[in-house]
Amino acid sequence: MSRARADEEEYWHSSKFRAFTFDDEDDELSQLKESKRAVNSLRDIVDDDDDDLERVSWSGEPVGSISWSIKETASSSTSSLEGRDSSLQKGSSSYAAFPKQVSSYSLSSLFKGELCLSPSALSDTGVKNYAPELRRPKADYKDYSSDWSPKDTVRRMQRGKVCSLERFRSLQDKLVLLDEAVAGHDGNVITAVLIFLKRTLKREILFRELEVRQVALCHLIHFLKETGEQKLLLDLLSFFSLSFQLSQYREHLNIQDVEKRREFLKGCIGLPFSAEDTSHIQDHYTLLERQIIIEANDRHLETAGQSEIFRKYPRKASILNMPLVTTLFYSCFYHYTEAEGTFSSPTNLKKTFKIPDKQYVLTALAARAKLRAWDDVDALFTTKNWLGYTKKKAPIGFHRVVEILQRNNAPVQVLQEYVRLVEDVETRLNLGTKYKCHDVVIETYKDLKDRIQLTAYKCKVERGSAEEEKINSILNNMVRNAY
């Protein structure tokens, strides 16, 4: 009996089912404590083995490596997109569950407390993936369009909107944009437009346009000082300083009295011009001084009637305030034979103002040919070498000499003399044919031994003339020499 009772007690105690007791609550608490101790012991086990064991994924790659992290991220994105597509397909019948993002951290990191949440992890991914996208107002997209007028562009810049200035390509559009910016009285907008103009315009053009826009000029000077662009600032100041000096120099055009103009030019010599400009003003002053002396002397000679050339060719205008080339022509026309020591001598003018030989020869030839002074024309081109031999030489080319002489109605004998001196055979033949210098053309074909051209040219001369007889004689001599 006692044995049967002992077996019954063992049976009830070995069963997983137990009768109700008031101590069950304490037993559950003890089990919770046991579970907590098990977790802590598991953490200790992982900590101890973390350095000795290498964790690998199902594919065999080490957990935490770069390739593993990339694959984990890709799988996370794929699962995210798949979850989004499936939720969108379900529609409004049921709320779609947000997909779980796969963590890229190992279990050991979770137990160690090394889990660091990135800002992307803390963001509301579900809202970002599934909330409807809010569109911008259509007016905001027009900030990036290129259909704004200069006035509208300035207004939007004043409101802090983004506006592209690259559409303003022509100089006129850029200047209108600058004027609108100045009219808006906003310094920031004016400076922004000036930076755009400084980048897209040449310095000379920008400086010239700023000369009549003082407000914009002040803004640019202040901007260059703030940014330390000293070279551009110096160029800008030098340009406006020179412009002021040139404006002072141009004032002589408004002075009608010759003596006052001469004194004014004398005062301009001391202005801080460049060396080249100072030399130009000095020559201008010297020329006007010479013209005053020549004008007074020639007026006296013309009034007294003491000079034949003034009686034959009266002056049509005063020489005062005339250019240098006109003064040289006047001197070659009325005072060609004067000594070099006089102020009105052409050679004196050439030496004083350093007139080039070509310019001097052209001017003197035109003046002497107008007077039909052919001896002076011949002397103009005659030179002597150190042995005393004479030779004709023209720095402008004898073909130009022939053209100037023909415009002044030079006789054929004079033209032929200079046509012969043209070196190029083709040019010589063209000039001789054009101005009917038959002797030159016949002699040139003779030197070329061109029987065909001589026979053809024979038809262009008068029958029974000396030129025809000359051509026949040359053709007959060619036949005799051939046999």
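Q: Which residues does His335 touch, not counting those up to four places away in sequence?
A: With that exclusion, His335 touches Ile294, Asp298, Phe310, Tyr330, Ser344, Ser345 and Pro346, where contact means heavy atoms within 4.5 Å. The model is a predicted one, in which local features need pLDDT of at least 70 and side-chain atom pairs count only at pLDDT 80 or more, while totals for chains, interfaces and linings use all residues. Residues are numbered from 1 along each chain as its sequence is written, and side-chain values use heavy atoms, with hydrogens and water left out.

Q: Why is His335 called buried?
A: A residue is buried when its relative accessible area is under 20%, exposed when it is over 50% and partly exposed in between, using a 1.4 Å probe and protein chains only. His335, which lies in the loop between α17 and α18, has a relative accessible area of 3% and therefore counts as buried.

Q: What makes the pairing of the His335 and Asp298 side chains a polar contact?
A: A polar contact is a pair of N or O atoms within 3.5 Å; within protein, one must be able to donate a hydrogen and the other to accept it, and residues adjacent in sequence count only if both atoms are side-chain atoms. The side chains of His335 and Asp298 make such a contact at 2.9 Å, and the side chains of His335 and Glu338 are joined by another of 2.5 Å.

Q: What does α17 bury, and against which helices do its buried residues pack?
A: Helices (DSSP runs of H or I, at least four residues) and strands (E, at least two) are numbered from the N terminus. In α17, Thr327, Leu328, Tyr330, Ser331, Cys332, Phe333 and Tyr334 are buried, and the buried residues of this helix pack against α15 (275-304), α16 (308-312), α18 and α19.

Q: What makes the second largest pocket a pocket, and which helix gives the most to its lining?
A: On a 1 Å grid over the protein atoms alone, a pocket is an open set of points with protein on both sides within 12 Å along at least five of seven lines, and its lining residues have an atom within 4 Å of a point. The second largest pocket is lined by 14 residues, of which Arg315, Lys316, Phe329, Tyr330 and Tyr334 lie nearest its centre, and α17 gives the most to that lining, with five residues.

Q: How do you know that α19 has close to its expected span?
A: The expected span of a helix is 1.5 Å times one less than its number of residues. Helix α19 (residues 357-370) has 14 residues and reaches 20 Å from its first C-alpha to its last, close to the 20 Å expected. Among its buried residues are Tyr360, Leu365 and Arg368, and the cover over the buried residues of α19 includes α17 (324-334), α18 (346-353), α20 (374-381) and α21 (398-407).

Q: Why is Leu220 called buried?
A: Leu220, in helix α12 (residues 214-227), has a relative accessible area of 2% and is therefore buried. Leaving aside neighbours within four places in sequence, Leu220 is in contact with Leu194, Leu206, Leu210 and Leu236; the C-alpha atoms of Leu220 and Leu194, 26 residues apart along the chain, are separated by 6.7 Å.

Q: Why does Gln416 count as buried?
A: Gln416, placed in helix α22 (residues 412-419), counts as buried because its relative accessibility is 10%. Beyond its neighbours within four places in sequence, Gln416 is in contact with Cys437, His438, Asp439 and Val440.

Technical notes:
On a 1 Å grid over the protein atoms alone, a cavity is a set of points where a 1.4 Å probe fits but cannot get out, and a pocket is an open set with protein on both sides within 12 Å along at least five of seven lines; lining residues have an atom within 4 Å of a point.
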